[in-house]
Amino acid sequence: MEKYVWRARIVDGVAEEYKRRHSEIWPEMLEVLKAAGIVNYTIWLSGNELFGYYGCEKGIHYVAKVQAESPTVKKRDEYMKDILIMKKDPVTGAQPQLEKVFEMN
């Protein structure tokens, strides 16, 4: 299974709002993530920095394709844009993946 790790920032002073919006995750967003083959999705917050990880059962390219074509993801991006600073890869539309430098299995 391929692994995907990304990072982003939240706007200063909105950590609690970010947490609130994530605690109310939309059922249709969960459906898109599951359809893309995303498993074990976790997001960590450190100060204003976010770090996300998920496994890709169907591969990273499939995940990127499903998310790029999803109206739900576009709607979610619009909903979060006032509190989230996230650069996207112009080719895939996804967050740029972090480079893995170590893994212990």
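Biologist: Which residues of H2 are exposed?

Modeller: This is a predicted model. H2 covers residues 27–35. One side of H2 holds its exposed residues. They are Pro27, Glu31 and Lys34.

Biologist: Which residues of H2 are buried, and within what arc do they fall?

Modeller: The buried residues of H2 are Met29, Val32 and Leu33. Seen down the helix axis, they line one face of H2, because they fall within an arc of 95 degrees. An α-helix has 3.6 residues a turn, so residues three or four places apart point the same way. For H2, the arc asked for is 95 degrees.

Biologist: What do the buried residues of H2 pack against?

Modeller: Their partners include a strand, E2. Helices also take part.

Biologist: Which residue with positive phi follows H2?

Modeller: Its phi is near 85 degrees. The residue is Gly37.

Biologist: Is Asn40 buried or exposed?

Modeller: Asn40 is found in strand E2, residues 38–46. Its phi is positive, near 55 degrees, although Asn40 is not a glycine. The cut-off for exposed is over 50% relative accessible area. At 56% relative accessibility, Asn40 therefore counts as exposed.

Biologist: Which side chain makes a polar contact with the side chain of Trp6?

Modeller: Leaving aside residues up to four places away in sequence, Trp6 touches a set of residues, among them Ile43, Leu50, Phe51, Met86, Pro96 and Leu98. Tyr41 is also in that set. The polar contact is side chain to side chain, at 3.2 Å. The partner is Tyr41.

Biologist: How many Å apart in space are Trp6 and Gly37?

Modeller: In sequence they are 31 residues apart. In space, C-alpha to C-alpha, the separation is 17 Å.

Biologist: How many bridges join E1 to E3?

Modeller: E1 spans residues 2–10 and E3 spans residues 49–56. The two strands run antiparallel. Glu2 stands opposite Cys56 in E3. The number of bridges is eight.

Biologist: Which residue in E4 stands opposite Arg9?

Modeller: E4 is made of residues 84–85. E1 and E4 pair in the antiparallel sense over two bridges. The residue opposite Arg9 is Ile85.

Conventions
Residues numbered from 1 in each chain as written. Predicted model: local features only at pLDDT ≥ 70, side-chain atom pairs only at ≥ 80, totals over all residues. Heavy atoms only, no water. Pairing = 2+ DSSP bridges. Helix = DSSP H or I, 4+ residues; strand = E, 2+ residues; numbered from the N terminus. Buried < 20%, exposed > 50% of the residue type's maximum accessible area, 1.4 Å probe, protein only. Contact = heavy atoms within 4.5 Å. Polar contact = N/O pair within 3.5 Å; in protein donor to acceptor, adjacent residues only side chain to side chain. Arc of directions from axis to C-beta.
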